[in-house]
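Open the model in your viewer and keep the selection panel at hand. This tour goes stop by stop.

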Amino acid sequence: MEARQIKKDSLISAGKPFLSVFAGPGYTPEAGLLIGGGLLYTFTTDPKQPDLQRSSIPLLGMISSRGNIGLSSTINTFWLGDRLRVKLITKVSNVNDDYFGIGYETNSSLSRGKETTAYNRVYFQFQPRVDFRILPHLYLGLSYLYSSFNVKETNPIMNEDPNYLAFGPKIKESGLVYSLTYDSRDVVVNAYKGFYAAISYYNSSKHLGGNQDFDVMDMDLRYYKTINRPGNTLAFRWYGRRAYGEVPYSAMTLIGDTSILRGYLNGQYRDKAGVAMVGEWRYMFLDKTGNKSKHGISTWLGAGTVANDLGELEHWLPNLGLGYRLELQPRMNLRVDFGLGKKSSGLYFNFSEAF
């Protein structure tokens, strides 16, 4: 059975392109009820190399009951026998969001509402990235990040918040990201086995067209192990981030989104430093022939926190959840996750695994 499944999965890097389309309802803590949808286009850059991972171009969009509108895409492409990886992240949104301030103590007890935390912002991000393989599984990366964060309507908290008053409603970041990555995963967007370790340094500089000067260091560790057969996977992640210098409210380390601590309101907890960890079990069911079917489930348990410095981390926030997987294309899943946090929950749709 395992040999048949491996042969089937090898088709992800061969043959003609695939296009999948999906739409459906959802809910997130930030947006409320929403209608989301998108498309996923996958292809190979060299059909003569069956072991080369398929490149993917997803496009996700949503409109919510809170009046939020957003489009996002994370393109992953693999070239020259995986000696070169090219990635592009683009995001644009106009959302009614929440701002609680910076830190943990006040944010954990503050009531969310139109008269307290609600505000409106328009956000744009453009981030191309290239990674060059210098040794087996080892990549040296360079990325350019540009983003604009424009607050249109404030709330009472922002009007008294020292950080917001210092940096104002219009934040523009422009800087370079330098990274070193070890990646032995079998498939980047849905790994069954392998190890991933990345460390990066980001310098936002006014000299490159932004209006902010600060630095960020982060580390991302992931491990994947197949249990008995392909499609039965244990996945683990540890993520840490520390921002340095005069850091605006928009660039603080955040807890909670579609990939880290699913179920928490993204941005309720923000500060210069943060750590999150999660363990997840992913299980694809078998069909009547004993092969991996197109349906699966996942469940996870995690925790995270933020503080002004890594040495001050405490007040750990618990996180758990349950998800459904639908394989739209070989090893390319539609992900539907329901996450629970401390006084918070969320339902998420995406075209790749959380990590």
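## Stop by stop

Start at Leu80, which sits in the loop between β4 (69-79) and β5 (84-98). Helices (H or I, at least four residues) and strands (E, at least two) are DSSP runs, numbered from the N terminus. Leu80 has a positive phi, near 55°, and is not a glycine. With a relative accessibility of 52%, Leu80 counts as exposed. Buried means under 20% relative accessible area, exposed over 50%, partly exposed in between (1.4 Å probe, protein chains only).

Before moving on, note that this is a predicted model: local features need pLDDT of at least 70, side-chain atom pairs count only at pLDDT 80 or more, and totals for chains, interfaces and linings use all residues. Residues are numbered from 1 along each chain as its sequence is written, and side-chain values use heavy atoms, leaving out hydrogens and water.

Colour by pLDDT, the predictor's confidence in each residue, from 0 to 100. The chain average is 91, and 96% of the residues score at least 70. Now select residues 1-8, where pLDDT is below 50; this stretch has 13 contacts in the model beyond near neighbours in sequence. Contact means heavy atoms within 4.5 Å. Where pLDDT is low, the predicted coordinates should not be read in detail.

Next, select Leu261. Leu261 lies in the loop between β12 and β13 (269-271). Its phi is also positive, about 55°, in a residue that is not a glycine. Is Leu261 buried or exposed? At 4% relative accessibility, Leu261 counts as buried.

**The cores**

Select Tyr99, Tyr119, Tyr123, Phe149, Val151, Ile157, Met158, Tyr164, Phe167, Ile171 and Tyr249. These eleven residues make up the largest nonpolar core. Such a core is a set of buried Ala, Val, Leu, Ile, Met, Phe, Trp, Tyr and Cys residues joined through side-chain atoms within 4.5 Å. β6 (118-135), β7 (138-153), α3 (156-160) and α4 each supply at least two of its residues. A second, separate core has ten residues, including Tyr104, Tyr239, Ile255 and Leu261. In soluble globular proteins, nonpolar side chains tend to be buried together.

Zoom in on Ile157. Setting aside residues up to four places away in sequence, Ile157 touches Tyr99, Phe100, Gly101, Leu110, Thr116 and Thr117.

**The rings**

How many aromatic pairs does a search of the whole structure find? There are 16. Rings of Phe, Tyr and Trp (its six-membered ring) pair if their centres lie within 6.5 Å; planes under 30 degrees apart count as stacked, over 60 as edge-to-face and the rest as tilted. Show Tyr164 and Tyr249: this pair is tilted, at 5.3 Å centre to centre and 55° between the planes. Tyr164 is in helix α4 (residues 162-167), and Tyr249 is in the loop between β11 (232-245) and β12 (253-255), 85 residues apart. Both are buried.

Two arginines come next. Arg262 lies over the face of Trp300, 3.7 Å from the ring centre. Arg331 lies over the face of Tyr192, 3.5 Å from the ring centre. The criterion is NZ of Lys or CZ of Arg within 6 Å of the ring centre and within 35 degrees of the ring normal.

**Last stop**

Finish at Ser204, in strand β9 (residues 194-204). At 0% relative accessibility, Ser204 counts as buried. Its side chain reaches the backbone oxygen of Gln212 at 3.1 Å. Leaving aside neighbours within four places in sequence, Ser204 is in contact with Glu173, Ser174, Gly175, Gln212, Asp213 and Phe214.

Definitions and conventions
A polar contact is a pair of N or O atoms within 3.5 Å; within protein, one must be able to donate a hydrogen and the other to accept it, and residues adjacent in sequence count only if both atoms are side-chain atoms.
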